Amino acid sequence: MRTQVGIIGAGPAGLLLSHLLHLRGISSVVLEKRSRDYVERRVRAGVLEQGTVDTLVEAGVGERMLREGLPHHGIELRYGGAGHRIAFDKLVPGRSITVYGQQEVVKDLIAARLAAGGDVRFEVEDVELHALESQPYLTFGGERLDCDVIAGCDGFHGVSRPAVPEGVLSVFERDYPFAWLGILARVAPSSEELIYARTERGFALHSMRSPAVSRFYLQVPADARLDDWPDERIWEELRTRLETVPGFTLATGEIMERGITPMRGFVTEPMQYGRLYLAGDAAHIVPPTGAKGLNLAVADVRVLTEALAAYFGSGSTELLDGYSDACLKRVWRAQHFSWWMTTLLHTFEEDDPYARKLQLSYLDYVTSSEAAATTLAENYVGLPFEPGR
Ligand code: APR
Ligand code: PHB
């Protein structure tokens, strides 16, 4: 079997890449180890930057997102007994975010690939990468797929990054001493906008998925276990951290899904080796406070699509050679923003009273200075894509 681009992983990165390549007349095969049902149900983040929304619409896969997604023109920072709105509409006019679950994006992309006769294989076993320096091929479940190039879109725990010989990649990482406990609940959101709450007991986030479904996160210790968090405890803690301003009451409901996510920043450099190109979580992850993970994956895939279109069109490897450098600027901006949002809003055990005063002073600055608030807003809605990126 042969294809132009062998893609490992049917997350947002792999599926969007396959779709964008198809629009350029480039063939691909997507190999995913999980079932279709599993990837379509996996609950992840849900904030789409303006550029991500534009990319999906331009690619013809934005119809349901435009219908069902929730456009947001601001977020609230809540601390010290008051809420403070960061108004995107005023600070970065014309730019906003859309709340639409990542698994909905995945469903739309799978549907589009299958409708176009795309080759997406689920429950594929034992994918291995070979001959990355010359004529690459993939093996899986007793089959062989020859490719011109391989795209490693298999997330943080995939097989692509470890297939690069030792010593080639440099890794930069930061572990945080806490995690996020996330729940999806069958209850109408208690607020129209997302609430990022900083309290002495830790961070809490109120988000949503639809007029009837809310999403919440709690900062918990890094070694927290779901068994220690029965429903009652989760709601009580959410109430304590969110019901801190006059007149705000948290509506509660049935918890449909729950999970604990470690908080980590991670970047590998370069994001390529031989004929292997890494995209999305396979190359970098961010703590979720800035909601950048999915958006960075989309940005990588845009760059890779342009580079592959040039390569298959004219044989030029210039853009492919520059793929990693072209992506890493944005990757590091998002790393910094995610680290900044995380340190601004979470409690760190090692913080002394001086550090807490500094954090509160910084929050006051961000919520009172237009310049500081604009920095937050501009990064949150996402920096524009450079031409061709
Ligand atoms: N073989 C085949 N598929 C694999 C393998 C493997 N060995 N290992 C992992 N996969 C699959 C996973 O099952 C998953 O479906 O690769 C896919 C990777 O998808 P994601 O983890 O969603 O990563 P990505 O597509 O880069 O999306 C970016 O945005 O919100 C963030 O972290 C969040 O997943 C999100 C990311
Ligand atoms: C979400 O809705 O899942 C979400 C929102 C904002 C974040 C992270 C996750 O910063």
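Helices here are DSSP runs of H or I, at least four residues, numbered from the N terminus. Helix 8 has the largest share of that shell, three residues.

I noted that this is a predicted model, in which local features need pLDDT of at least 70, side-chain atom pairs count only at pLDDT 80 or more, and totals for chains, interfaces and linings use all residues. Residues are numbered from 1 along each chain as its sequence is written, chains are lettered from A and ligands numbered from 1 in the order written, and side-chain values use heavy atoms, without hydrogens and water.

Next, the shell. I found 25 residues around ligand 1, the closest being Glu32, Arg42, Arg44, Gln102 and Asp281; a residue belongs if one of its heavy atoms lies within 4 Å. They divide into eleven nonpolar, seven polar and seven charged.

Then I checked distances to oxygen atoms of ligand 1. A side-chain N or O atom of Glu32 is 2.6 Å from one. For a polar side-chain atom of Arg42 I read 2.8 Å. For a polar backbone atom of Ala13 I read 2.9 Å. The protein covers 90% of the 710 Å² of accessible area (Shrake-Rupley method, 1.4 Å probe) that ligand 1 has on its own.

Last, Leu56. I placed it in helix 3 (residues 50–58). Leaving aside neighbours within four places in sequence, I found Leu56 in contact (heavy atoms within 4.5 Å) with Leu16, Leu48, Val61, Gly62, Met65 and Val105.

Conventions: Helices (H or I, at least four residues) and strands (E, at least two) are DSSP runs, numbered from the N terminus. A polar contact is a pair of N or O atoms within 3.5 Å; within protein, one must be able to donate a hydrogen and the other to accept it, and residues adjacent in sequence count only if both atoms are side-chain atoms. Ala, Val, Leu, Ile, Met, Phe, Trp, Tyr, Cys and Pro count as nonpolar, Asp, Glu, Lys and Arg as charged, and the others, Gly among them, as polar.
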